[in-house]
Amino acid sequence: MDAMSNARRAGFRPRIPFRSPLRSRLRLPLAAATALLPLLPLATGAGPAAAGTGPEPAGTAAVTPVADVAHHGYVTLTGGGRLEVTVESRSHGPASLPNATLRLAFSTALARGQELPSACVWGSDRVVLCSTGALRVGGAVRRTTLDLQTAGAPDEVTVKVGTHWNGGAHDRNTRNNLHEILAPATGDPYAF
C-alpha cells in the first residue's frame, strides 16, 4: 500500500491545483466571479455602454441609482440608564431616495414597554429600526430622536448606527453611514 492509498481511505482527497494564467489575478471561485459580472459597471463607475453591453433594450430595468446616505448625530447616556440618541440622515446624491431605514443596535437590552416614535419599530430588545422618510439631494436633514431607558444602569453602552435599507440604491461610501459609538454614563453627548 502506498501513502496515497492510505490517505484516500482516511477520507483525504488530494487537491489538484488549477493551472491558469489568470490564477495570480483571480482570487474568487469561478461561480462567484461570474455572479459578480453584472455589478462591474457599478464597481467601475461606468454605465452600460462602457461595460460593452450597448444600449438597454426597451422594457428593461434601468441601472441601479446611486445615493450616498449619511448619518451623523450623538448619543448620551446618564448614570440612571437614560439613553438619548439623535440621528440626522441625508442623501449626498447623486440620487434622492423616497425612503431609507435606519438601524440602531445597542450593546445592552432596553427596558420593555417603551414607546417609540411613530416612524420606528422594535427589531428586538436591543435593536430599533426607524424610517427616515424621503432623503432629497440638497434637501433638509431628516432627524430621528429616541429617548430610551436601558434595562439596568450600565456604566457604558455601545450603539451601532447604520443603514438597514436605502431604497434599493447603491451607496459607494458606507463610511459615513456606519458608526459604532461608545457612550460612557457621564451625561455627555458623544458625537458620530
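Predicted model: local features only at pLDDT ≥ 70, side-chain atom pairs only at ≥ 80, totals over all residues.

Biologist: Why is Ala 95 called buried?

Modeller: Buried means under 20% relative accessible area. Ala 95 has 16% relative accessibility, so this residue counts as buried. Ala 95 lies in the loop between strand 2 and strand 3.

Biologist: Which residues is Ala 95 in contact with, leaving aside its neighbours within four places in sequence?

Modeller: Ala 95 is in contact with Pro 65, Val 66, Ala 67 and Val 137, those neighbours being left aside. Ala 95 and Ala 67 are 28 residues apart in sequence, and their C-alpha atoms are 4.9 Å apart in space.

Biologist: Which residues touch the most other members of the largest nonpolar core?

Modeller: Among the 21 residues of that core, they are Leu 83, Leu 104, Phe 106 and Leu 146. At least two core residues come from each of strands 1, 2, 3, 5, 6, 7 and 8. Another core, of 7 residues, lies apart from it and includes Ala 67, Ala 100, Leu 135 and Ala 169.

Biologist: What makes strand 6 and strand 9 edge strands?

Modeller: The open sheet has 4 strands in the order 6-2-1-9, with antiparallel pairing. Strand 6 and strand 9 each have a single partner strand, so one side of each is left without a neighbour in the sheet.

Biologist: How do you know that strand 1 and strand 9 pair?

Modeller: Pairing requires at least two bridges. Strand 1 and strand 9 are joined over 3 bridges in the antiparallel sense, so they pair. Val 75 stands opposite Tyr 190 in strand 9.

Methods. Residues numbered from 1 in each chain as written. Heavy atoms only, no water. Core = buried A, V, L, I, M, F, W, Y, C linked by side-chain atoms within 4.5 Å. Buried < 20%, exposed > 50% of the residue type's maximum accessible area, 1.4 Å probe, protein only. Contact = heavy atoms within 4.5 Å.
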